[in-house]
Amino acid sequence: MHQAVIAATGLYTPPHSLSNTELVTTFNAYVERFNAANAQAIAAGEVAALTPSSVEFIEKASGIKSRFVMNKSGLVDPDVMRPDLPERTNEEISILAEMAVEAAKQAIERWGKDVSQIGAVICAASNMQRAYPAMAIEVQQALGIEGFAFDMNVACSSATFGIKTAADFVASGSARAVLMVNPEICSGHLNFRDRDSHFIFGDVATAVIVEREEDATDGWEILGTRLKTQFSNNIRNNFGFLNRAAPEGIGASDKLFVQEGRKVFREVVPMVAEMIVQHAADLGLDPTALTRLWLHQANSNMNEMIGKRVLGREPAPGENVIILDEYANTSSAGSIIAFHKANDDFASGDTGLICSFGAGYSAGTVFVRKR
Ligand code: CO8
């Protein structure tokens, strides 16, 4: 068995930032039009009037101030309220693979080695471009990597499940180095007409290179990885290939992202905090001595509670990294963006935790130590 290290990371940030104000202005214009168009039915009690959204609520309830998106024009038009991303031909690289390639190029540059040393590509994300061929194989082809590639989906936890899979491949000798990418166009499956969730997600791509320790010159020793799943209906997306076999359901709101946010909050915080503390104990690590937490970025209040339980005190500024104010929830990529952006100051021997959690429920912990 070989020890695996995280050797490098990369980040692709989409070109358009979309503020809460822009999002709420669009949503409220839609609400005004809907209520005006349905005034009679609303007055007769046949249709429920829609309620406006608010910037103050979004920031207080989630910590999100803005998000990046691949297309903005469709999202600020109350007549559209979905991203406008034209279909590409089969001869062109798909948009998700393209984002992943950009993130991967940055990771490869930081790694400073040739792609010939990479033996596998894993695309771990919430939403795949299509059923097949795999995005990972497109990425592999675009970067000129040999070996094998495949897609895997564990919703928001995809990246930690991907790192574990990569580390296991390295440990067993299936590959000396693995490229793991997380392209997310969350705006594609977000219902921008749903007041409860229209503000939650953003688009981004991240990349992680995992390699054999004896090949590494720098990076992060993976001290331990743990995965957990526990069935829940509280975060769901019923979009799928059998929708056309049940056409009566096509267009229903459950064919986009839906959640019981309050229940998710209540159930996931204790589940994840307990998992982290237990995993640390099993590795002989003191969780209160971790230098940094790079948690999944869904809700800053959630992260604050998990941080407090894990560290046993109020986290100091910067100790529990928050990037969702700028990026919103980017599903699998959130904890990797946090790790990518906030690890430069680590000294050799410092330890930290990459942790993701989300639909399934699913959760993954990856403890790392700076080499
Ligand atoms: N503006 C103003 N008021 C609002 C709005 C709004 N936009 N939305 C709701 N309110 C009101 C409600 O009507 C309610 O009013 P009242 O008290 O009068 O009934 C009040 O605000 C409180 O509503 P909530 O209870 O819903 O508010 P919360 O405080 O619970 O905050 C959150 C809502 C922010 C959604 C919060 O519950 C949360 O973040 N929960 C955790 C969610 C989470 O972590 N989910 C993970 C999902 S991501 C995942 O796993 C990946 C899936 C794959 C991604 C696919 C891409 C799309």
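Glutamine 106 lies in helix α4, residues 95-111. Helices here are DSSP runs of H or I with at least four residues, strands are runs of E with at least two, and both are numbered from the N terminus. At 30% relative accessibility, glutamine 106 counts as partly exposed. For that scale, buried is under 20% relative accessible area, exposed is over 50%, and partly exposed is in between, with a 1.4 Å probe and protein chains only. Glutamine 106 is 96 residues from glycine 10 in sequence, yet the two are 4.8 Å apart in space, C-alpha to C-alpha. Leaving aside neighbours within four places in sequence, glutamine 106 is in contact with Thr9, Gly10, Leu11 and His340. Contact means heavy atoms within 4.5 Å.

A word on the source. This is a predicted model, in which local features need pLDDT of at least 70 and side-chain atom pairs count only at pLDDT 80 or more, while totals for chains, interfaces and linings use all residues. Residues are numbered from 1 along each chain as its sequence is written, and side-chain values use heavy atoms, with hydrogens and water left out.

Now the interior. In soluble globular proteins, nonpolar side chains tend to be buried together. A nonpolar core here is a set of buried Ala, Val, Leu, Ile, Met, Phe, Trp, Tyr and Cys residues joined through side-chain atoms within 4.5 Å. The largest one has 43 residues, and the members that touch the most others are Val272, Ile276, Leu295, Ile306, Leu353 and Phe357. Elements giving two or more residues to this core are α1 (20-37), α7 (261-282), β11 (292-295), α8 (300-311), β12 (351-358) and β13 (362-370). Helix α7 supplies the largest share, 8 residues. A second, separate core has 38 residues, among them Leu11, Val170, Ile222 and Trp294.

What is leucine 353 in contact with, leaving aside its neighbours within four places in sequence? The answer is Ile276, Leu290, Arg292, Leu293, Trp294, Leu295, Thr365, Val366 and Phe367.

Strand β13 also holds lysine 370. Is lysine 370 buried or exposed? It counts as buried, because its relative accessibility is 16%. Its side chain is joined to that of aspartate 218 by a polar contact of 3.3 Å. A polar contact is a pair of N or O atoms within 3.5 Å; within protein, one must be able to donate a hydrogen and the other to accept it, and residues adjacent in sequence count only if both atoms are side-chain atoms. Not counting residues up to four places away in sequence, lysine 370 touches Asp218, Gly219, Trp220, Phe346, Ala347, Ser348, Gly349 and Asp350.

Next, the ligand. There are 27 residues around it, the closest being Cys156, Gln259, Arg262, Asn299 and Ala359. A residue is near a molecule if one of its heavy atoms lies within 4 Å of it. A ligand nitrogen is 2.9 Å from an N or O atom in the side chain of serine 53. A nitrogen atom of the ligand is also 3.1 Å from a polar backbone atom of serine 54. A ligand oxygen is 2.7 Å from an N or O atom in the side chain of asparagine 299. By class, the shell around the ligand has 12 nonpolar, 12 polar and 3 charged residues. Ala, Val, Leu, Ile, Met, Phe, Trp, Tyr, Cys and Pro count as nonpolar, Asp, Glu, Lys and Arg as charged, and the others, Gly among them, as polar. Helix α7 gives the most to this shell, with 3 residues.

Last, the backbone. Most residues other than glycine have a negative phi, and most peptide bonds are trans. A cis peptide bond joins tyrosine 132 and proline 133, with omega about -5°. Another cis bond joins glycine 360 and tyrosine 361, with omega about -10°. Tyrosine 361 lies in the loop between β12 and β13.

The loop between α9 (324-327) and α10 (334-341) holds alanine 328, which has a positive phi of about 60°. Alanine 328 is buried, with a relative accessible area of 0%. Serine 331 is in the loop between α9 and α10, and its phi is near 55°. At 3% relative accessibility, serine 331 counts as buried. The side chain of asparagine 329 reaches the backbone nitrogen of serine 331 at 2.7 Å. Asparagine 329 counts as buried too, at 5% relative accessibility.
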